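Dear colleague,

Please find the structure below, handed over for your study. My notes on what was found in it follow directly after.

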Amino acid sequence: MHRPSPFLFALHDLKQGFSKSSLSFELAVEDLRDRYRRSYIGVAWIMISFLAFIVIKQVVFSGLALVEGYDFFSHLVIGFTLFTFMSAIIPGAANLYFANRTWILSSNLPYVLYINKLIFHSFIELLLVSTVATLLIVIFGDARPANIWTILPSLLVYYLSAFALCLTLGPIGARWRDSVYAIQAIMRMLFFATPIIWVASPGTVRETIAKWNPLTYYLDIIRVPLITGEIPVEAWLVTTSCTTLLLALGIIVFTATRKRIAHWL
Amino acid sequence: MAIGKEHSFLEAQSVRLEYRLNPGGQRIASPIGGEIVRQGSSSRLIAVKDVSFKLAAGESLGLIGHNGCGKTTLLRLLAGIFLPTSGSIRSRGVVGNALNPSLGFRPEATGRRNIALKGLISGMRRSEIDQLVADVEDFAELGPFLDQPLYTYSAGMRARLTFGVATAIPFDVLILDEWLGAGDKSMQEKVAARMAAFVSKAAIVVLASHSAAMLRDTCTKGLVMNHGSAVFFGDIDAAIDYYAQAEKA
């Protein structure tokens with residue numbers, strides 16, 4: 001062992017990391033428990049915080065009829081639900097190795113373990129928020145869901161994109177610490193540049209912003225079937241292309257940097 | 001987990017770890033020693049310089065040297081945490097390390113849950129974890145506190161739990177930085193016996209320490225390091241003497 005080619009070494013990490021998926025899940029659950037231990041209602045705070053945002057948004061922006069006949073409430077709820085996942089993954093991917101610095105410098109566990117821990121953690125939060133979102137939509141929304149089965153392949157796209165982002169941004173964040181803060185700043189901006197609290201009405205600046213923002217398409221592959229029942233073909237083309245490109249880039253970056261990451265921490 | 005100690009070996013061949021420092025040399029994030037070499041306008045850190053040795057089953061190696069000479073970096077290389085820039089490290093047997101025995105402990109989780117998590121991290125199966133919990137429970141003598149969160153433990157209780165877990169998982173090749181201790185005077189004999197049993201389960205032990213007595217008790221071979229280089233490799237007594245002479249000179 002010990003001086004394999006960079007590609008074989010990265011491949012070994014991937015293989016070992018996936019073989020420890022159950023440990024990644026256990027650690028993700030423990031992270032979540034840790035955050036809310038000594039709290040009476042625990043992880044329910046995640047749902048309460050989500051609910052508070054939706055309520056305040058509806059109160060402050062009520063009266064802004066955006067598109068006639070369009071279920072904006074469901075648009076908002078689903079959009080914010082999915083953005084919860086994105087806003088955990090993207091900055092988390094950049095900060096991945098610093099967040100696990102002690103582990104990396106004290107054990108030879110595969111780095112993919114930490115990637116899956118972050119993704120599983122974010123998926124658990126997404127699940128919790130989704131239960132509140134589903135209730136809200138059923139009670140207050142006017143969605144006409146169809147083709148709901150597309151959620152499953154959509155979640156696979158989410159997982160693969162999140163994984164690829166971690167492969168790509170993780171080493172960059174470890175090598176150039178400023179990139180972590182830059183990505184956190186961009187993420188705050190992206191919330192307003194993504195059609196969550198607004199709709200990309202045709203012929204507006206918002207439509208242009210939404211068109212060039214890849215997160216729009218990631219929202220649409222889940223949101224459009226749930227609200228209108230249609231399958232957004234363009235969004236699927238964009239997201240699958242992005243995922244493929246990100247995976248290719250991620251494998252290149254991870255292969256090139258895997259051996260050096262520990263030295264940057 | 002272990003494969004059978006008689007087949008184990010650990011071999012380092014011309015192991016070198018070096019990398020370029022940023023201008024000004026500030027960016028050495030990890031606290032590692034070694035030698036800084038200037039090359040024109042840039043600098044390179046040679047953390048470990050062409051170290052070679054071979055250990056067979058039944059041999060144990062003590063790493064000797066002043067702070068910052070590269071002992072911990074070499075341990076991390078042997079544990080697979082760092083990869084050598086050149087040279088190679090070959091081993092047979094399950095390599096484990098106790099470089100940070102409290103790694104993975106969660107203050108908010110119970111002692112029992114922390115033991116189980118450490119077992120999972122070490123790759124144990126559920127059935128083995130039950131045995132691990134029973135073993136540590138018996139050693140640490142925490143009674144009902146085992147089901148209380150770790151943050152409620154005194155320093156001594158916490159040290160007993162950490163030591164109990166760290167010495168419960170057997171490895172063929174064991175990498176140790178300094179000596180594990182339970183920090184509890186009332187348990188000293190029990191701790192010493194458990195530590196001796198733990199080390200004896202491993203076919204090969206590599207230990208970095210500043211204690212000559214500890215190195216003599218545990219190791220058969222010694223490797224003296226200076227600025228990342230191995231300046232002496234031989235029997236432990238000779239290595240300790242060499243280091244003592246070098247310190248005087």
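Leu17(B) counts as buried because it has 25 C-beta neighbours inside 10 Å. A residue is called buried if 20 or more other C-beta atoms lie within 10 Å of its own, exposed if 12 or fewer, and partly exposed in between, with C-beta atoms placed from the backbone. Leu17(B) belongs to strand S1 (residues 9–21) of chain B. Helices (H or I, at least four residues) and strands (E, at least two) are DSSP runs, numbered from the N terminus. Leaving out residues up to four places away in sequence, Leu17(B) touches Ala47(B), Val48(B), Thr73(B), Leu77(B), Phe82(B), Pro84(B) and Thr85(B). Two residues are in contact if their C-beta atoms, placed from the backbone, lie within 7 Å. The C-alpha atoms of Leu17(B) and Lys49(B) are separated by 6.6 Å, although the two residues are 32 residues apart along the chain.

Please keep in mind that this is a predicted model, in which local features need pLDDT of at least 70 and side-chain atom pairs count only at pLDDT 80 or more, while totals for chains, interfaces and linings use all residues. Residues are numbered from 1 along each chain as its sequence is written, and chains are lettered from A and ligands numbered from 1 in the order in which they are written.

Chain B as a whole

Chain B contains 7 helices and 10 strands. Of its 249 residues, 41% count as buried. Among the contacts in chain B with a separation of 6 or more, 70% are between residues 24 or more positions apart.

Chain B is divided into domain 1 (5–93 + 207–248) and domain 2 (111–202); such bounds come from an automatic or database domain assignment. Where they meet, 14 residues of domain 1 of chain B are in contact with 8 residues of domain 2 of chain B. On the domain 1 side, helix H1 (71–78), strand S8 (204–208) and helix H6 (212–218) of chain B each supply at least two residues. H1(B) gives the most to that side, with 3 residues. By class, the domain 1 side has 7 nonpolar, 6 polar and 1 charged residues. Here Ala, Val, Leu, Ile, Met, Phe, Trp, Tyr, Cys and Pro count as nonpolar, Asp, Glu, Lys and Arg as charged, and the others, Gly among them, as polar.

Two loop residues of chain B

Which backbone angle deserves a look at Glu141(B)? Phi of Glu141(B) is near 50 degrees, a positive value in a residue other than glycine. Glu141(B) sits in the loop between helix H3 (126–140) and helix H4 (155–166) of chain B, and counts as partly exposed because it has 15 C-beta neighbours inside 10 Å. Phi of His227(B) is likewise positive, near 50 degrees. His227(B) lies in the loop between strand S9 (221–226) and strand S10 (229–235) of chain B, and is partly exposed, with 18 other C-beta atoms within 10 Å.

The nonpolar core and the two chains

A nonpolar core is a set of buried Ala, Val, Leu, Ile, Met, Phe, Trp, Tyr and Cys residues joined through C-beta atoms within 7 Å. In the largest nonpolar core, which has 128 residues, Cys166(A) and Val206(B) touch the most other members. Helix H7 (residues 111–140) of chain A gives the most to this core, with 14 residues. Apart from neighbours within four places in sequence, Val206(B) is in contact with Leu61(B), Leu63(B), Leu75(B), Leu78(B), Ile175(B) and Leu176(B).

Between the chains, 19 residues of chain A are in contact with 22 residues of chain B. Helix H2 (21–36) and helix H6 (101–106) of chain A each supply at least two residues of the chain A side.

Helices of chain A

Helix H12 (residues 233–257) of chain A has 25 residues and reaches 36 Å from its first C-alpha to its last. This is close to the 36 Å expected at 1.5 Å a residue, the expected span being 1.5 Å times one less than the number of residues. The buried residues of H12(A) include Ala235(A), Leu246(A) and Phe254(A).

Phe53(A) is in helix H3 (residues 44–61) of chain A. Phe53(A) and Phe80(A) are 27 residues apart in sequence and 8.9 Å apart in space, C-alpha to C-alpha.

With kind regards
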